[in-house]
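Student: Hi! I'd like to go through this structure with you, piece by piece. Can you start me off at the ligand?

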Amino acid sequence: MTALLELEGVDKAFGTVRVLRGVDFTVQAGRVVALAGENGAGKSTLMKIITGIYHRDAGEMRLRGKEVQFTTARQSMDAGIAMIHQELNLLPALSVGENIFLGREPVDRMGRIRWSEIERETRHWLGTLQQQIDPWTETGKLSIAQQQMVEIARALSMQAEIIIMDEPTDALTDIETQILFDVVEKLRGEGKGLVFISHRLGEIFRMCDDVAVLRDGNMVHQGPVSEIDEDGLIRHMVGRELSDQYPYVPAEPADIRLKVDHLVAPGVRDVSFEARAGEVVGFAGLVGAGRTELGKAIYGANPAQSGSIEIDGQPTQLRSPRDGVSAGIGYVTEDRKLEGLIQAHGLRQNLSLSGLFRFTNTTGHIDKRAERAEVTRYINAFSVKTHGIDAVISQLSGGNQQKVSIAKSLVAQPRILILDEPTRGVDVGAKREIYQLINELKAEGLCILLLSSDMPELMGISDRILVMSNGLLTGSFARDEADQEAIMRCTVAGLEEARVG
Amino acid sequence: MNAKGFIRENIPLFGLILLMAAVSLYSPNFLTVDNLLNILRQTSINAIIAMGMTFVILTAGIDLSVGSILAFAGAVCASMIAVDTPLIVALLTTIAIGAALGMASGTIVAFFGVQAFIATLVAMTMVRGLVLVYTDGRPISTGDFDVANSFYEIGGGYVAEIPVPVIIAALAFLICWYVLNHTQFGRYVYAIGGNEQVARLAGVNVARVKLIVYATSGALSALAGIILTARLESAQPTAGMAYELDAIAAVVLGGTSLAGGRGRITGTLIGALIIGVLNNALNIMDVSSYYQQIAKGAVILLAVVADGRSKASSR
Ligand SMILES: Nc1ncnc2c1ncn2[C@@H]1O[C@H](COP(=O)(O)OP(=O)(O)OP(=O)(O)O)[C@@H](O)[C@H]1O
Ligand SMILES: [Mg+2]
């Protein structure tokens, strides 16, 4: 049987940086192949070569045995290849329906767009994913997870033969991930060829038939999932053993650093809690539970409507992110592309933006030497894969962008750190580095709020877990009494309450 | 950086050199000290306005009101000089008025979320109206007091053979360059144009930065108005008409993106010089003023396309 899609000896370099070296890769009909590898290994690049966004320097590509050469994404789409991109590619000002049919709107003979068809189809494809989103909602108003579901719906609506999913789950919680997997199951049954990229290795073993591993641009392993275990996979990815994915260090909590009292803000109905210096407080919850909104309210990005916030015993008014930064709060957004980093600017400018005051004297002059030294320190501490401090963010791999986004908030030396999905798109090795960093910061006495949809991560790293649902706190667990079942029950508790109340 | 990269980064500069080489081949009178100084003097007004425009465009805005502010500032300044106001008082008041007018459109942009194009279009119309009301549609002479003579020096004087406007423009350039490249404020200007939401979430006071940016543009327009008025020894109610277009052209020729966040003030200076050289060359070559417009447009188009090409090919 010939493979659906076959790549052989693919090379790709950006300038002088070689990103792919002689890569072979196969997609079979009716199978899901996982593509694993560290941040910057070249996974997205390889996929973009398949879809014609990048052009390969050497190598062959055969679709159903026939040599093909796509020069635009459009051509690959017409040839039956759809891709869900790692970075969201939706236009926030357009409606969901318009986004899904962007560039391929159904028109009648007069060239008029058939809106009713767009509406019907959009409902249908979102329905397959069990999403009750109105087709005319402005896309920018949706949560990141919902937007991700819209991306997936767009790819499904193309009814392609080959569907490439570049980290589709990194913004999803367990529930949506399960929905996606059910859909993938169905597509596999229909004989489609699927490529699945994820840094959540558990998902690879749950979902995929084959796995291919890229390391530094070389394809180092390819074979059935059943013949490898997680440790083996990690060994292929990082080239060495990696033990203890969640290196927890017990906390020595000190005084109360943050006291939130009856806080009401957009998406937050009434929340009170305390967090201590030297403590990691995890926040669990479903999409739309109000965790991101709570984080933004504490930071000052969505000012509170009522209630109070005390930091180190001082009542604090936070009306803007500027107030948040001055009060010693660091905030890492879940949406690095639109809210975290300036894509067209360099690492240096991005990293120092929040903490610029540290390198600035009273006349506003920036000490560029000090800035460069500090920025370089963080790039090294996070092992960001880049060719210099002036490299442009959009040229970094997704995981490396995420590292920069976290480092950026630390440059301002905060006392309180709010991390919203901090390991989105980060590879196993780097995840562990980030956890270790969280431990270090904790030991230095930072108060850390960890908002995460990754349950093992939440339970592995937090000292305490609070559960949010529907804008309310519905549960609180000490580290040793936290169990997944009980937490899951709390995540839906507020929904019941809302329905009753 | 390799040679190819260097050329790609400096397309405007090479454009200017190429243009000058071509003109000097055609006309031996072009590359003379006198003519070059003449070009610099003629360029200085547009260069000063374009520097303020650079700040605005870097924040992803635009300022259409520069010409009107130039005219109003000139009129106010002329009438102050005409009643023997001490020079320094007249100059500072005029610049302050320019800054205040700029800040007015800045307020509309920053706090009411009105698009810069609309806000400054309104300002352009209203301030021009203000000029007509203030001057009653007639030129205002700077008068016969002694102060008028010192005032003239600002536009028509020389220091060691160099025209005073050129010196003023050079100083303005150095200050703008320093601010954009070495200060926190400059960083914030770029950040806002790069992604306003990211800047806001990083703790940048976006509204305040925008206010200062528009105020700067207004103040520099007023400065340009002072120079023009001084040189002519009178303020014209129609002064500065369409100057915003030359300023925007200079910024764009200098490689600054109208989408904001990317560009350099050195580029703007070069852009202004390209326009200056072009005007001068077309005059030397005796091209009719009707054709001059067409030629100018063509060169701008060519330069912008070349710049865009080289940037696209670096991907
Ligand atoms: N447009 C580009 N210009 C220059 N370098 C690039 C460009 N795109 C990617 N790279 C570089 O190529 C390498 C591979 O990037 P790629 O995005 O393929 O990694 P990835 O395996 O998808 O990583 P991640 O898991 O973080 O998403 C990285 O070092 C990245 O910096
Ligand atoms: Mg990637």
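Tutor: Happy to! The shell around ligand 1 has 5 nonpolar, 13 polar and 3 charged residues. Here Ala, Val, Leu, Ile, Met, Phe, Trp, Tyr, Cys and Pro count as nonpolar, Asp, Glu, Lys and Arg as charged, and the others, Gly among them, as polar. One caution: this is a predicted model, where local features need pLDDT of at least 70, side-chain atom pairs count only at pLDDT 80 or more, and totals for chains, interfaces and linings use all residues. Residues are numbered from 1 along each chain as its sequence is written, while chains are lettered from A and ligands numbered from 1 in the order in which they are written.

Student: Which residues come nearest to ligand 1?

Tutor: A:Asn39, A:Ser44, A:Thr45, A:Ser397 and A:Gly399, out of the 21 residues around the ligand. A residue belongs to that group if its C-beta atom, placed from the backbone, lies within 6 Å of the ligand.

Student: And which elements each supply at least two residues of that shell?

Tutor: In chain A, β2 (17-27), α1 (43-50) and α14 (398-411) do. Helices (H or I, at least four residues) and strands (E, at least two) are DSSP runs, numbered from the N terminus.

Student: Where does α1(A) lie?

Tutor: Across β1 (5-14) and β2 of chain A, at about 65° to β2(A). Axes are lines fitted to C-alpha atoms, for helices over the stretch in contact, and angles run from 0 to 180 degrees between N-to-C directions. Contact needs C-beta atoms, placed from the backbone, within 7 Å.

Student: What's the strand order in that open sheet?

Tutor: β2-β1-β4-β5 in chain A, with antiparallel pairing; strands pair if DSSP finds at least two bridges between them. The edge strands are β2 and β5 (66-67), each pairing on one side only. Strand β4 (residues 58-63) is joined to β5(A) by 2 bridges, and A:Leu63 has A:Lys66 as its bridge partner.

Student: New topic: is A:Ala160 buried or exposed?

Tutor: Buried, because 20 other C-beta atoms lie within 10 Å. The cut-offs are 20 or more for buried, 12 or fewer for exposed and partly exposed in between, with C-beta atoms placed from the backbone. A:Ala160 sits in the loop between α5 (144-157) and β7 (162-166) of chain A.

Student: What does A:Ala160 touch?

Tutor: A:Gly80, A:Ile81 and A:Ala82, leaving out residues up to four places away in sequence.

Student: Last one: how many residues does each chain give to the contact between A and B?

Tutor: Chain A gives 22 residues and chain B gives 18. On the chain A side, α10 (321-326) gives the most, with 4 residues.

Technical notes. Two residues are in contact if their C-beta atoms, placed from the backbone, lie within 7 Å.
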